[in-house]
Number of protein chains: 4
Amino acid sequence: MSLNAFGHLFRVTTWGESHGPALGATVDGCPPGIRIDEAMLQHWLDRRKPGQNKYTTQRREPDAVRILSGVFEGQTTGTPVQLMIENTDQRSKDYSEIAEKFRPGHADITYWQKYGIRDYRGGGRSSARETAARVAAGGLARAVLADMAPDLKITGYMVRMGAHEIDRARFDAAEIDRNPFWTPDAEAATQWADYLDGLRKSGNSVGAVIEVTASGVPAGLGAPIYGKIDTDIAAAFMSINAVKGVEIGAGMAAAELTGEANADEISMGATGPEYSTNHAGGILGGISTGQDIVARFAVKPTSSILTPRKTITKAGTAT
Amino acid sequence: MSLNAFGHLFRVTTWGESHGPALGATVDGCPPGIRIDEAMLQHWLDRRKPGQNKYTTQRREPDAVRILSGVFEGQTTGTPVQLMIENTDQRSKDYSEIAEKFRPGHADITYWQKYGIRDYRGGGRSSARETAARVAAGGLARAVLADMAPDLKITGYMVRMGAHEIDRARFDAAEIDRNPFWTPDAEAATQWADYLDGLRKSGNSVGAVIEVTASGVPAGLGAPIYGKIDTDIAAAFMSINAVKGVEIGAGMAAAELTGEANADEISMGATGPEYSTNHAGGILGGISTGQDIVARFAVKPTSSILTPRKTITKAGTAT
Amino acid sequence: MSLNAFGHLFRVTTWGESHGPALGATVDGCPPGIRIDEAMLQHWLDRRKPGQNKYTTQRREPDAVRILSGVFEGQTTGTPVQLMIENTDQRSKDYSEIAEKFRPGHADITYWQKYGIRDYRGGGRSSARETAARVAAGGLARAVLADMAPDLKITGYMVRMGAHEIDRARFDAAEIDRNPFWTPDAEAATQWADYLDGLRKSGNSVGAVIEVTASGVPAGLGAPIYGKIDTDIAAAFMSINAVKGVEIGAGMAAAELTGEANADEISMGATGPEYSTNHAGGILGGISTGQDIVARFAVKPTSSILTPRKTITKAGTAT
Amino acid sequence: MSLNAFGHLFRVTTWGESHGPALGATVDGCPPGIRIDEAMLQHWLDRRKPGQNKYTTQRREPDAVRILSGVFEGQTTGTPVQLMIENTDQRSKDYSEIAEKFRPGHADITYWQKYGIRDYRGGGRSSARETAARVAAGGLARAVLADMAPDLKITGYMVRMGAHEIDRARFDAAEIDRNPFWTPDAEAATQWADYLDGLRKSGNSVGAVIEVTASGVPAGLGAPIYGKIDTDIAAAFMSINAVKGVEIGAGMAAAELTGEANADEISMGATGPEYSTNHAGGILGGISTGQDIVARFAVKPTSSILTPRKTITKAGTAT
């Protein structure tokens, strides 16, 4: 009953707090013989690295990942892979005010209610910094997939910021890496920059929707009923800090469709079954169809805003 | 790695197919000393029973649940509770046509691709009939909660059918049990009946959104990071047949909010912290706040429609 | 955290009590396409069936196993297989005396201390009757192995009763099925019959050691460190009612060997590595070597004896 | 399906190899508010530290344990605790000979057969050095127990070396820490020293039996059937490098007892049930009785001996 772990055969346990000595991921079940080194993992951590532009956290640290076990002479051995990232940006700071009051929208209050103790130096375990451990483990997972399913390609990108959605007609995958919002719509990126600058000036923030697509997925992955691919995706996405909604294929909008409109009709293609549309998001009965798997999640606006919000202290006093 | 199980301490494994001899749930970890009998479980199964009105499946069977183990003299003993429901409506029927072709939107094709074998007599394991086993296990879970957290109350109801949402101003909990759609908005129920009659006449179907609320939840339940309450809810909902989206609190719409609007401000109430709003859906950092837990899921329109949709046979021939 | 389950990919949860309506096993993870029917499972249950000779429990029932799910047209489908055995020998009986006092050596007292409730009609969940569910699930496991590893052969037999061990020089596998003790030493069987008759006449009982051998096991099964084959065997054996010791290969006697004597020297054979001896019991570092896997367990004498032993009642009174 | 993890609520995943940069343990589920620091863990690692006397491995390193997460201001927070021990004794060495041939009795050959790759610099993952991670996690477990069950006391000691068993009449718990064999029998310690010196001079080794006792265990711990305390102990012991047998209470010798002799008779004591003897080893039906829990395991002689044993190379050549 590991509450900090995810996955079945390739099982990831993340550990660490935002302001402790280090954080990381223990990967149990990584297949042997996978070529991996720290540089291959660092590639992904560098993409996540804080402080790259004015829209992300201003924390500054290299987030250098070290492989402590499970790899010998550049290959995984089949034993647990320990990935560690040291926290280097732990500026000494006066936490006395934060330590006593609960920040609205943060997990300060629930950790306190549950554990009777909390790490007040930052989000602690509930900090979005935990995703650095996921990125490291994800880098290893990508190396495994590159070996076992070389045609499989996973891409994530932003499709909505606040009220502003991308225009799918302008979708250009090449654009994703070129703007600070990782969005495939160049025009949206320009508009969002202005929009976000305005919000930030007024001490405000806003939410977003991220879409993740996997192409080249073999048909037949996943398992009924509680081990469905979509079940695992929903759990994984919802476990990320600040996520409030998860969708597969047509998602919440599937409720608004009729059966006629929703049906992905099947025909025989050159290499296997083909579908007229992909409302199912590449998954039927929890098992992959061979179409692209398409999933989305909504992130609430960051609760760390400059505009003061009413709250209470540990003593229950209004502040 | 039980792919047909759900839950940590109270762990439910469901088993059975739509047209086999029986289906049911094995519950491991039920606390001892809980008063339970078959009638208490039957109450919930009767609410789910097929054939109650023209809007549900026309399958006709009593869905009588039997307790085969784990209960002695009207109390749970702490050992596994086996709940069995016999399938009685297995009309002999000519499956020859169904057996050869894949029904669009159903899991026929993916089960075939994965297992090389499928139960063509109905959905088999992927049939929505699997939820009968959940209802039985859920009845037991409710008995446990009644004992351990008597103030906790869980209510489910329908808030959208196709393009038609309920009007929250007309929300009346007492109405839920009075209409065939389990909706708290009496006027919506009337409108939906007409709408659905029209769809059915044209051989069509439509999706829906269900909301589930838990009130009286103690603060401090759940656990970071992968064992969050919202993670478990997302997984549980997504594992249900035909679900394509899951939301907690503000849900997907959280992406459209600003940080100022989204913040649930905290004040001190008579019995503990109180919140100005509940965008969080009663969960912060994966742990309950003591507010109502509010979650929703979207169900795609049933794929079993009269309007023919293009598909192929097992041999790959168009039909 | 299923405390009533065993196994990783092929996962067995047993359920049921000695005097409830039924008991059985839920098997999750059985591969699809395995040919199985009730008769194939009944073969093994018939070998275990009570009342076959004077040395076993005198309970009389057919122990007919039913397959309730996961099998269609004589083949497993990949979905959970539910195996049920109804309890038919539940003679109405006066339990008033048993219900109040604890039987020494039985789990009556600890179940009472743990759960505050107990099924006094027999051992309840702690009855050796639970092994009927294992035999049913084991029959299915054997069918899977016959398909996936046709050369693998598992044989169990008795090698010690009380102070009397078999003579390995008289080991004859064909003898195992010919005597009521399932021992490969015909002469030991004759001696044991006399010995046990004497014990039974005086209202006494005695312990035994069972050895289980698997031949034809491919090298490379198992996994370090906590998922070792020997770890799983030790857990599985120790979970059986009344088992107090478990050994692999040389077992406890390995402590008495020197490194020189214990070393299984390696040479190259026609089809792979060969070993001069098998002190390791076919397992090195938790992984199979390709030699026979050899394991043993010791069963304490049954605590149900006619000679009265001192005990107390639920009220704490000596009796 | 974490194969490198052990435990249910307090779950330990160990990672690391004998010659990699570090090894350690990820502890998920540690209760919050437990006072712990590195010195408290170091106490136990120092007792295990290699090179303390001539009878242990001559590897020399401080085995300094670091707490990387889950502890804040001297208390556990309820989040995962990462314990890391750096490997410092990695002398550069010529492994060319070892790299090509398999050492009899070691897991070299099975890792090679399973993974097609092996860490030839030492035992790698199968090295007994893995137990350092267990000792660190065990130190944390002891701190939890000191808080939750202050009367519970766990003691381990050696009761047999080769053919030489201790004399229980000379059992003196205070003696355990005074001799290099951690044995409670001072006279045995002297005899064993001579015996082992002789064996070592002739390039040989010998096995041993270790007994572990837990006193002050509350009645009612453990769970039927597969989650029995004895099942967990058997699995835990058997997962340790080189263990070939596990016993609870009377152990393998229970097979030689009659039911009369084996029965632990029950009487009512001042604070609860008392037992005339403890053949059960403090466990009935997998649940603790409140008596001392007594368990033993046999370790085979180390396979690293100076006397050459026949083996083969990776190429299959005799050597």
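Tutor: In this predicted model, copies are superposed by least squares on the C-alpha atoms of residues with pLDDT of at least 70 in both.

Student: What makes the relation between chain A and chain B that of a two-fold axis?

Tutor: Chain B can be laid on chain A by a turn of 180° with a shift of 0.0 Å along the axis, and the RMSD is 0.0 Å. That is the relation of a two-fold axis.

Student: How do you know that the copies meet through the same surface?

Tutor: Of the interface residues of chain B, 100% are also interface residues in chain A, so the surface is the same.

Student: Why is Cys30(A) called buried?

Tutor: Buried means under 20% relative accessible area. Cys30(A) has 2%, so the term applies. Cys30(B) also has 2% and is therefore buried.

Student: How many disulfides does a search of the whole structure find?

Tutor: Zero, over all chains.

Student: Why is the pair of Phe237(C) and Phe297(C) called tilted?

Tutor: Ring centres must lie within 6.5 Å to pair, and planes under 30 degrees apart count as stacked, over 60 as edge-to-face. Here the centres are 4.7 Å apart and the planes are at 55°, so the pair is tilted.

Student: What makes this pair a link between distant parts of the chain?

Tutor: Phe237(C) is in helix α6 and Phe297(C) in strand β16 of chain C, 60 residues apart.

Conventions. Residues numbered from 1 in each chain as written. Chains lettered and ligands numbered in written order. Predicted model: local features only at pLDDT ≥ 70, side-chain atom pairs only at ≥ 80, totals over all residues. Heavy atoms only, no water. Contact = heavy atoms within 4.5 Å. Disulfide = S-S within 2.5 Å. Buried < 20%, exposed > 50% of the residue type's maximum accessible area, 1.4 Å probe, protein only. Phe/Tyr/Trp six-rings, centres within 6.5 Å; stacked < 30°, edge-to-face > 60°. Helix = DSSP H or I, 4+ residues; strand = E, 2+ residues; numbered from the N terminus.
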